[in-house]
Amino acid sequence: MSPPALDRGAEQLLRDLAPQVLGAVIRRYRDFAASEDAVQEALLAAAQQWPRDGVPDNPRGWLIQVASRRMVDHVRSETARRQREHLAALHLGQVVAAASVESRRGEDETLTLLFMCCHPALTTSSAVALTLRAVGGLTTAQIANAFLVPEATMAQRISRAKQTILASGVPFEPPAARARAERLGTVLHVLYLIFNEGYTASTGASLQRLDLAAEAIRLTRGVRQLVPDDSEVAGLLALMILTHARRDARTGPAGELIPLPQQDRLRWDGAAIEEGVALLTATLSRGRVGPYQLQAAVAAVHDEAPSHDDTDWAQIAALYGLLERMSDNPMVTLNRAIAVAMVQGPAAGLALVDTIAADGRLANSHRLDAVRGHLLELAGDRDAAVAAYLAAANRTTNRAERHYLLTQAAALRER
Amino acid sequence: MKYMLMMNVPGKGPYQIGGWPKADIEAHMAFMMALNKKLAEAGELVGGEGLAGPDQAKLVRAGKDGAPLTDGVFPESKEFLAGYWIVDVENPARAHAIAAEASAAPGPGGAPLNMPIEVREVMSGFPPELP
């Protein structure tokens, strides 16, 4: 006979509490890997005992207590002799003190854990994996599957990341006020990468795969609750929601890429667009505007346009202009070239593309040729457009994009 | 980003490992196994295999009825794929560094082979949607 299962509410509660509990345990014991094992055991104990005994009054305290007990066992155990000598000297004294003084709220623990997972000493791929594991509560198998690498490889990557953090000697504390903005920027970048990975990694067989984009939105919602006053956190969340709203329209029946101009706008998620626009509007009215808010604003203009031609391209060109002033990124200028072409005609857009080409930083980028192809097609220069599309197809490292560029070139040739 | 590292060796020449002294073969194999272990521990190894010799290889085409038509390959005529790795790394420079390490695998007398490793990026799924 199997024990009664957790109901959905309790399951969600466990998922929400897991990073807070992990944060609390790591703060006390520093050892990331052992703390994670201890928290896993505590979660397992909760899954077994709560359906029978009911959810305790202070579920977070209950979990921390059980996990701490496991940690103490771990520290004492014979198999952890070396850790014992090390940890006992350093931290055992703190256990008693820390257990009696519950100084911080759970949210602070989650945020500190997030800062730690997005530690500057880590490579971005390690930070991404560790964040999904420790804060997102995903299994190593789920993460490995999402990134299409073997589970053992992902396990090594995560374990390496924990070692790097332990070796860095960084205390489990929120970053100092001075470093905080920069560290929050790294956290947002990691979340942005997770979101993008949700798009790049998705192929035909994506049905059984974890939805990383949705996971990134869930995590960013969490960060927004922790840092409600940061306008770039809100901006990133709005950008994700507004981009995700178009997701269903982005793929055709054969799994092919459907670019924005050809998407069926009836398949966009109206409720998500409403949420994203409301969030963005509330944020923009508050003051300091950053790059994520500007990108979200571009996404919002697209999402609210009745069609590709009836899009407020002048506003999009202006938004990209603002973005260019904040970040010296030729990719932004390239996006502005598309908007400029829609407002002033393809020749103006092509002139801008030429200045980017002369700059040289995008010399090997397929995007330059892809945009050039698009603008040449608009200008009616068929042969040059075909050549540009093919050049882009040869350079892209992206299957879906290559397929799109090749068929675009073929269609033009046959016209 | 994922890369495929392909070890292409000529059909004839110093890469004909079968003719090496035993100690050199063992040193070469130990080097390759250590490299694989290192890549796995770094969380970078997606997969990789050494391939059986080209004299075992067949070229296969579909016949009119779809049945396989096989042809022998002529190993002395051209280079062949001896093995490959697929690695998931942070940037192209890291893929090149791994390839250079593999390239310097010890050959006869323990001297580095410096064999050519072809590095190709594995295509990803969808591009991120730019706003």
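Visitor: What share of the contacts in chain A with a separation of 6 or more comes from residues 24 or more positions apart?

Guide: In this predicted model, such residues account for 61% of those contacts in chain A. For chain B, among contacts between residues at least 6 apart in sequence, 73% join residues at least 24 apart.

Visitor: How is chain A divided into domains?

Guide: Domain 1 covers residues 1–103, domain 2 covers 105–228 and domain 3 covers 325–415. Between the C-alpha centres of domain 2 and domain 3 of chain A there is a distance of 33 Å.

Visitor: What share of the residues in each chain is buried?

Guide: A residue is called buried if 20 or more other C-beta atoms lie within 10 Å of its own. Buried residues form 43% of the 415 residues in chain A and 18% of the 131 residues in chain B.

Visitor: Which residues touch the most other members of the largest nonpolar core?

Guide: That core has 131 residues, and the ones touching the most other members are Val21(A), Val25(A), Ala67(A) and Val87(B). Leaving out residues up to four places away in sequence, Val25(A) touches Ser35(A), Ala38(A), Val39(A), Ile64(A), Ala67(A), Ser68(A) and Met71(A).

Visitor: How does the reach of helix H10 of chain A compare with the span expected at 1.5 Å a residue?

Guide: Helix H10 of chain A, residues 212–226, has 15 residues. The expected span is 1.5 Å times one less than the number of residues. That gives 21 Å for H10(A), and the helix reaches 21 Å from its first C-alpha to its last, close to the expected value. Its buried residues include Leu212(A), Ile217(A), Leu219(A) and Val223(A).

Visitor: What makes the phi of Leu148(A) worth a remark?

Guide: Most residues other than glycine have a negative phi. For Leu148(A), phi is near 55°, a positive value in a residue other than glycine. Asn114(B) is also listed with a positive value, its phi being near 50°.

Visitor: Why does Gly110(B) count as exposed?

Guide: Gly110(B) has 11 C-beta neighbours inside 10 Å, so the residue falls in the exposed class. Its place is in the loop between H2 and E6 of chain B. Apart from neighbours within four places in sequence, Gly110(B) is in contact with Asp24(B) and Ala27(B). The C-alpha atoms of Gly110(B) and His28(B) are separated by 8.0 Å, although these residues are 82 residues apart along the chain.

Visitor: What is the order of the strands in the open sheet of chain B?

Guide: The four strands have the order E2-E5-E1-E6, with antiparallel pairing. Strand E2 (45–50) and strand E6 (117–121) of chain B each have a single partner strand, so they stand at the edges, with one side of each left without a neighbour in the sheet. On average, and with direction ignored, neighbouring strands of this sheet are turned by 20° against each other.

Visitor: What joins strand E1 of chain B to E6(B)?

Guide: Strand E1 (residues 2–9) pairs with E6(B) in the antiparallel sense over five bridges. In E6(B), Arg120(B) is the bridge partner of Met4(B), and Glu118(B) is that of Met6(B).

Visitor: Which strands does helix H2 of chain B lie across?

Guide: Helix H2 (residues 92–103) lies across E1, strand E5 (80–88) and E6 of chain B, and runs at about 160° to E6(B).

Terms used:
Residues numbered from 1 in each chain as written. Chains lettered and ligands numbered in written order. Predicted model: local features only at pLDDT ≥ 70, side-chain atom pairs only at ≥ 80, totals over all residues. Domains from an automatic or database assignment. Helix = DSSP H or I, 4+ residues; strand = E, 2+ residues; numbered from the N terminus. Buried ≥ 20, exposed ≤ 12 C-beta atoms within 10 Å, placed from the backbone. Pairing = 2+ DSSP bridges. Axes fitted to C-alpha atoms, helices over the stretch in contact; angles between N-to-C directions. Contact = placed C-beta atoms within 7 Å. Core = buried A, V, L, I, M, F, W, Y, C linked by C-beta atoms within 7 Å.
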